[in-house]
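Colleague: I would like to go through this model feature by feature. Please give the general idea each time, then the case at hand.

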Amino acid sequence: MKNPIGWLPGIVRRRWRKLSNILDRRSVELVYGPGYALTLNTGLHDPRRGERILAYLEGQDLVRPSHIHEPDPVPLQLLRQIHHEDYLDALHDPASLSRAVGFQPSDGEHNALMATQRLMAGGTLLATRLVAVSGGIAVNLGGGLHHAFPDRAERFCVFHDVAAAVADQRQRGFDGRILIVDLDLHDGDATREHFAADDTVHTFSIHNQTNGDGEAVASTAIELGAGIEDERFLAVLDESLPPLFEAFRPELVLYIAGTDPAEDDKLGDWSLSAEGLLARDRRVYELSRPRRSPEPADGEPKGETRFAKRPLVIVLGGGYGSDAWRHTARTLAWMLTGDALEPPTTEALTLAGYRRLAAHFRPAELTGEDPDDWGLSEEDILGALGSPRRRSERFLGYYSQHGIELALERAGLFDRLRALGYRQPVLDFDLSGADGETMRVFGSPRRRHLLMELKVRRDKASLPPHEMLRVEWLLLQNPRREFSDRQPRLPGQQHPGLGMLRDLIALLVLVCDRQQLDGLLFVPSHYHTASQSRRVLRFVHPQDEGRFRALRSALGGLPLAQATGAVDEGRVQNLDTGEPFRWQPVPMVLPISDELESRMHGDTYEEEAEAVRGNTRLELRPATAG
């Protein structure tokens with residue numbers, strides 16, 4: 001039968017086709033492995049980028065388990081086809097990667113980097129295999145290692161995953177035309193070199209700066225410079241990519257969908273909006289999978305369309321900062337639903353994940369109580385017998401040491417510490433302090449490296465009638481790391497951070513949930529701690545919020561390290577008093593109960609904060625030479 005639904009009434013056929021298009025969008029294969037998570041000493045890479053994307057899609061019920069695939073590492077035999085033997089041999093020495101990553105990796109870091117990139121390359125290999133025959137869409141939630149040259153590693157790229165996938169397809173008998181679309185901020189220079197003499201593979205790249213001579217038998221390299229915004233970028237894309245599709249007629253498309261052109265990227269020098277990035281991705285999608293008009297059956301209206309079955313493989317490419325995942329998630333949500341869905345903030349996603357984890361904990365696992373003892377502790381029994389009560393051995397009167405260790409294990413935080421080289425992290429309590437209870441995490445049983453220190457107490461006085469969990473002191477540090485130009489020392493720091501602040505805040509919110517506290521209270525000691533916390537916390541008093549808004553406005557777009565330095569150096573002047581603005585530690589709160597949330601986000605709070613901001617005149621003075 002030429003048209004299996006041709007016998008249906010026209011309106012039913014149209015609705016069926018609409019449903020078919022929706023189902024076609026949903027047939028997206030996702031490739032991800034837990035081994036993708038790798039913490040590097042850059043302060044830029046988000047090791048959980050792919051994990052966050054997948055967690056969002058799963059949380060929204062946008063992807064079925066059968067469409068999620070875990071890769072194997074790319075075979076060494078395939079790497080030998082795309083990289084020089086002497087280069088691969090040299091990779092056994094950790095020093096061989098120091099130039100590519102910007103620091104001298106330890107043996108453990110070197111091995112972890114190699115394993116992660118081999119796994120990501122295997123992911124692109126698998127994604128391409130999944131759709132090469134079916135003509136579908138596959139997304140590797142990693143990869144895009146487009147600076148891995150045949151003979152060397154550059155800019156964090158060791159193995160060229162896209163070149164490996166192409167070599168694999170050729171080896172499996174696919175001889176069609178392949179188009180590699182690279183819209184990462186940076187030039188796909190190594191990709192171009194891999195295929196410089198291959199006219200069956202066209203490499204297309206729009207970027208900020210072209211590297212090398214850019215010569216290849218089938219290549220398009222467009223340099224736009226810095227400061228590019230949506231209108232300019234999309235105009236160039238529309239002028240150059242559709243004619244290439246029409247002339248080259250690719251039979252397989254691999255798309256490096258870097259998000260580092262985004263205006264909120266921590267490294268990039270372009271300013272594409274979230275809407276601009278989504279429009280970019282939609283253009284590539286629609287060019288790669290054009291709608292074709294089939295010959296209508298008798299009585300069927302013309303103009304009904306379907307997607308052509310051209311394989312499309314998407315890899316992540318560059319994207320820096322903890323919010324880079326949101327751009328890819330936005331695109332994938334559109335591909336899977338046809339709607340422009342807005343992903344949650346990174347903090348909200350993190351908290352949602354921990355709340356799902358917490359739902360599987362039994363109270364006895366956290367408290368250490370025997371479920372058959374009616375919830376009575378030893379202190380309760382001693383008190384009932386008239387004996388003196390011993391001080392509670394539980395954190396905040398509830399959590400046993402084993403319970404918190406179990407929570408940190410299940411949350412993956414201890415595994416992340418192990419990945420940083422701290423193989424046996426241990427937990428200590430100090431519940432004797434009059435001003436709060438302290439929890440510490442050390443890197444080993446010898447307690448040589450202090451990684452985390454948290455002092456908290458219940459607080460009923462700061463914002464009555466609400467009771468809150470007050471953070472008196474918080475330290476997160478990696479003593480084995482050194483500061484760098486990209487990760488400079490901030491006031492009060494002895495070592496770089498662990499990259500776990502969001503996770504710890506989320507866990508403290510769960511403590512508030514379980515103990516029925518109204519909010520999480522924190523007093524930042526420096527401007528940078530307030531600035532970092534303000535994504536989720538708000539100043540308790542609207543006057544402090546207003547002064548902070550005025551201060552942030554005076555600091556303009558200074559990077560965080562420079563901004564907090566300017567405040568500490570007294571370079572922000574109060575124009576009304578003529579005195580330097582001095583940072584005063586004042587409380588901030590993360591509302592948890594509905595009552596406190598309403599109080600902190602009401603109209604009265606906003607009006608008072610804006611009034612103070614408008615009446616606070618601050619000016620940044622230039623730094624003095626020398």
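Modeller: Start with the pairing of strands: two strands pair if DSSP finds at least two bridges between them. Helices (H or I, at least four residues) and strands (E, at least two) are DSSP runs, numbered from the N terminus. Here strand 14 (residues 468-476) and strand 15 (residues 519-522) are parallel, with 4 bridges between them. Met468 is opposite Gly519 of strand 15. As to conventions, this is a predicted model, in which local features need pLDDT of at least 70 and side-chain atom pairs count only at pLDDT 80 or more, while totals for chains, interfaces and linings use all residues. Residues are numbered from 1 along each chain as its sequence is written, and side-chain values use heavy atoms, with hydrogens and water left out.

Colleague: In what order do the strands of the open sheet run?

Modeller: The order is 11-12-13-14-15-18-16, giving an open sheet of 7 strands with mixed pairing. Strand 11 (426-430) and strand 16 (538-539) are its edges, since each pairs on one side only.

Colleague: Which strands does strand 1 pair with?

Modeller: Strand 1 runs parallel to strand 3 (residues 137-140), joined by 4 bridges, and Glu29 faces Ala138 there. With strand 2 (residues 68-69) the pairing is also parallel, over 2 bridges; Leu30 has Ile68 as its bridge partner.

Colleague: Are the residues of strand 1 buried or exposed?

Modeller: Buried means under 20% relative accessible area, exposed over 50%, partly exposed in between (1.4 Å probe, protein chains only). In strand 1 (residues 28-31), Val28 and Leu30 on one side are buried, and so are Glu29 and Val31 on the other, which leaves both faces covered.

Colleague: Which residues touch the most other members of the largest nonpolar core?

Modeller: A nonpolar core is a set of buried Ala, Val, Leu, Ile, Met, Phe, Trp, Tyr and Cys residues joined through side-chain atoms within 4.5 Å. The largest one has 92 residues, and those touching the most other members are Leu57, Val158, Val181, Leu183, Phe204, Ile206 and Phe233. A second, separate core has 70 residues, including Ala407 and Leu508.

Colleague: What volume does the second largest pocket have, and what lines it?

Modeller: On a 1 Å grid over the protein atoms alone, a pocket is an open set of points where a 1.4 Å probe fits, with protein on both sides within 12 Å along at least five of seven lines; lining residues have an atom within 4 Å of a point. Grid points are joined across faces, edges and corners, and a volume is the space filled by probe spheres set on the points. The second largest pocket has a volume of about 990 Å³. Its lining has 36 residues, of which Ala37, Arg48, Glu51, Ala411 and Arg416 are the closest to the centre. Helix 12 gives the largest share of that lining, 6 residues.
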